[in-house]
Amino acid sequence: MSEQSALTSTAFTPTAQETATLLAWFDTYDEHVRRGDIAAMADMALFPLMLMTNDSAGEVVARQWGRDDFVQAMGMAADESVEIFNERRPVFLNSDLAVVITDSTVTAGGQTQHMRYVDVMAKTGGAWGFKSMIQAGWGDMLQADS
């Protein structure tokens, strides 16, 4: 194993295969979402999971979730009648860490809305998992659940 350093002579550029592998991970995750398979979604997370959002006062709200917290929250949000289209832009820090910005178009009840969020991705055992979810606008609800 070579010595690790945050400093490099050039910025990391992923290969086409590295990018494809990460985006394929999201394709699998999105399929679990479409099927409402919360347990399979949870299997793709690296717990504990860090959540960050803001509230209506513009203050940061951060929580650490275990698997049970994730399953409960996603179970309440699951709705197979909702259509979601995601456009993702991964930014690799190196071959094992990435930040993925997602722009989603969500259609429910004939109304279309948009959201943007970020997942912090990490590899463990050679496989991708998400470690952190960052999305604006959920803070009031998270604080109500506390």
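# Close-up views of a predicted model

**Panel A. Phenylalanine 130 counts as buried, at 2% relative accessibility.** Here buried means under 20% relative accessible area, exposed means over 50% and partly exposed lies in between, with a 1.4 Å probe and protein chains only. The model is predicted, so that local features require pLDDT of at least 70 and side-chain atom pairs pLDDT 80 or more, whereas totals for chains, interfaces and linings use all residues. Residues are numbered from 1 along each chain as its sequence is written, and side-chain values use heavy atoms, leaving out hydrogens and water.

**Panel B. The aromatic rings around tryptophan 25.** Across the whole structure, a search finds 8 aromatic pairs. The rings of tryptophan 25 and phenylalanine 26 are edge-to-face, because their centres lie 4.7 Å apart and their planes make 80 degrees. Rings of Phe, Tyr and Trp (its six-membered ring) pair if their centres lie within 6.5 Å; planes under 30 degrees apart are stacked, those over 60 edge-to-face and the rest tilted. Both partners are buried: tryptophan 25 has 10% relative accessibility, and phenylalanine 26 has a relative accessible area of 2%. Tryptophan 25 also forms an edge-to-face pair with phenylalanine 130, at 5.9 Å centre to centre and 75 degrees between the planes. Since tryptophan 25 lies in helix H1 (residues 16–35) and phenylalanine 130 in strand E6 (residues 127–135), this pair ties together parts that are 105 residues apart in sequence. Helices (H or I, at least four residues) and strands (E, at least two) are DSSP runs numbered from the N terminus. One aromatic cluster comprises Trp25, Phe26, Tyr29, Phe47, Phe70 and Phe130.

**Panel C. The open sheet has 6 strands in the order E2-E1-E6-E5-E4-E3, with mixed pairing.** Strands E2 (60–65) and E3 (83–92) are at the edges, each with a single partner strand, so one side of each has no neighbour in the sheet. On average, and with direction ignored, neighbouring strands of this sheet are turned by 25 degrees against each other. Helix H1 packs on the sheet and touches E3, E4, E5 and E6, with its direction at about 155 degrees to that of E3. Contact means heavy atoms within 4.5 Å. Axes are lines fitted to C-alpha atoms, for helices over the stretch in contact, and angles between N-to-C directions run from 0 to 180 degrees.

**Panel D. Strand pairing and the bridges within the sheet.** Two strands pair if DSSP finds at least two bridges between them. Strands E4 (residues 97–108) and E5 (residues 111–124) are antiparallel and share 12 bridges; threonine 107 has threonine 112 in E5 as its bridge partner. E5 and E6 are also antiparallel, joined by 8 bridges, and alanine 122 is bridged to glycine 129 in E6. The hairpin of E5 and E6 has 2 residues between the strands, and in it glycine 125 takes a positive phi near 60 degrees. E1 and E6, by contrast, run parallel and are joined by 4 bridges, with serine 132 in E6 as the bridge partner of methionine 50.

Panel E. Proline 48 is part of strand E1 (residues 45–54), and the peptide bond joining phenylalanine 47 to proline 48 is cis, with omega about 0 degrees. Most peptide bonds are trans. Threonine 53 also belongs to E1 and is buried, with a relative accessible area of 8%. A polar atom of the threonine 53 side chain lies 3.2 Å from the backbone nitrogen of glycine 137, and this side chain reaches the backbone nitrogen of tryptophan 138 at 2.9 Å. Residues up to four places away in sequence aside, threonine 53 touches residues including Glu59, Val61, Gln135 and Leu142.

**Panel F. The largest nonpolar core has 24 residues, of which Trp65, Phe70, Met121 and Phe130 touch the most other members.** H1, helix H2 (38–43), E1, E2, helix H3 (67–77), E4 and E6 are the elements that give two or more residues to this core. The most comes from H1, with 4 residues. Such a core is a set of buried Ala, Val, Leu, Ile, Met, Phe, Trp, Tyr and Cys residues joined through side-chain atoms within 4.5 Å. Neighbours within four places in sequence aside, methionine 121 is in contact with residues including Leu22, Trp25, Phe26, Val100 and Phe130.

**Panel G. Alanine 144 in helix H4 (residues 139–145).** Alanine 144 is exposed, with a relative accessible area of 64%.

Notes. A polar contact is a pair of N or O atoms within 3.5 Å; within protein, one must be able to donate a hydrogen and the other to accept it, and residues adjacent in sequence count only if both atoms are side-chain atoms.
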